[in-house]
Amino acid sequence: LIELPYYKESNSDLVVVDGQSNVIPFSIMRIFNVWTEKGSICGRHAHQYCAQLLICTNGAIEVQCDDCIETRKYVLDKANYGLLIPPGDGQNRNI
């Protein structure tokens, strides 16, 4: 898990995600915003060359990572934390 810069103001909260800091260890090439119904299962694949940072901006999601050696579950429920997923062989890894 990576903690992102978080700023609390009197009337708002701000989480900063940019390619200029050393917080994210790769160049940001694309951003997806995904929303779905509660209880849905999404993804179930990996990327061979692409690193990803998953951030839940509203509510909570459970992410299961399997590298064929170990399965780990992560709960993302804070907008200032992201799960860094390195590239992997999509045939041997489910996310």
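1. The largest pocket. In this predicted model, the largest pocket holds about 1900 Å³ of space. A pocket is found on a 1 Å grid over the protein atoms alone: it is an open set of points where a 1.4 Å probe fits, with protein on both sides within 12 Å along at least five of seven lines. Grid points are joined across faces, edges and corners, and the volume is the space filled by probe spheres set on the points.

2. The lining of the pocket. Lining residues are those with an atom within 4 Å of a point. The largest pocket has 43 of them, and Val34, Gln52, Leu54, Ile55 and Ile61 lie nearest its centre. Strand S4 (52-55) and strand S5 (61-66) are the elements that give two or more residues to this lining. S5 provides the largest share, five residues. Sorted by class, the lining comprises 23 nonpolar, 14 polar and six charged residues. In this scheme Ala, Val, Leu, Ile, Met, Phe, Trp, Tyr, Cys and Pro count as nonpolar, Asp, Glu, Lys and Arg as charged, and the others, Gly among them, as polar.

3. Basis of the values. Residues are numbered from 1 along each chain as its sequence is written, and side-chain values use heavy atoms, with hydrogens and water left out. As the model is predicted, local features need pLDDT of at least 70 and side-chain atom pairs count only at pLDDT 80 or more, whereas totals for chains, interfaces and linings use all residues.

4. The chain as a whole. The protein chain has zero helices and seven strands, and its pattern along the sequence is β-β-β-β-β-β-β. Helices (H or I, at least four residues) and strands (E, at least two) are DSSP runs, numbered from the N terminus. Along the principal axes, the C-alpha atoms fill a box of roughly 45 × 30 × 20 Å. Of the 95 residues, 18% are buried, where buried means under 20% relative accessible area, exposed over 50%, and partly exposed in between (1.4 Å probe, protein chains only). Among contacts (heavy atoms within 4.5 Å) with a separation of 6 or more, 55% are between residues 24 or more positions apart.

5. The three-stranded sheet. Which strands form the open sheet, and in what order? Three strands are arranged as S1-S7-S4, with antiparallel pairing. Strand S1 (2-3) and S4 are the edge strands, as each pairs on one side only. Two strands are said to pair if DSSP finds at least two bridges between them. S1 and S7 are antiparallel and share two bridges; Ile2 has Gly82 in S7 as its bridge partner. S4 and S7, also antiparallel, pair over four bridges, and here Gln52 stands opposite Ile85 in S7.

6. The hairpin of S5 and S6. S5 and S6 run antiparallel and are joined by six bridges. Within this pairing, Cys65 has Arg72 in S6 as its bridge partner. The hairpin has four residues between the strands, and Cys68 takes a positive phi near 70 degrees.

7. The loop between S6 and S7. Lys78 is located in the loop between strand S6 (71-76) and strand S7 (81-85), and Asn80 is found in that loop as well. Are these residues buried or partly exposed? Lys78 counts as partly exposed because its relative accessibility is 46%, whereas Asn80 counts as buried because its value is 11%. Leaving aside neighbours within four places in sequence, Asn80 is in contact with Ile2, Glu3, Leu4, Tyr6 and Val15. From C-alpha to C-alpha, Lys78 and Arg44 are 22 Å apart in space, and they are 34 residues apart in sequence.

8. The cysteines. How many disulfides does the structure hold? There are zero; a disulfide is a pair of cysteine sulfur atoms within 2.5 Å. For Cys42, the nearest cysteine sulfur is that of Cys56, 12 Å away. Cys42 counts as partly exposed because its relative accessibility is 48%. For Cys50, which is in no disulfide, the nearest cysteine sulfur belongs to Cys65 and is 14 Å away. Cys50, at 38% relative accessibility, therefore counts as partly exposed.
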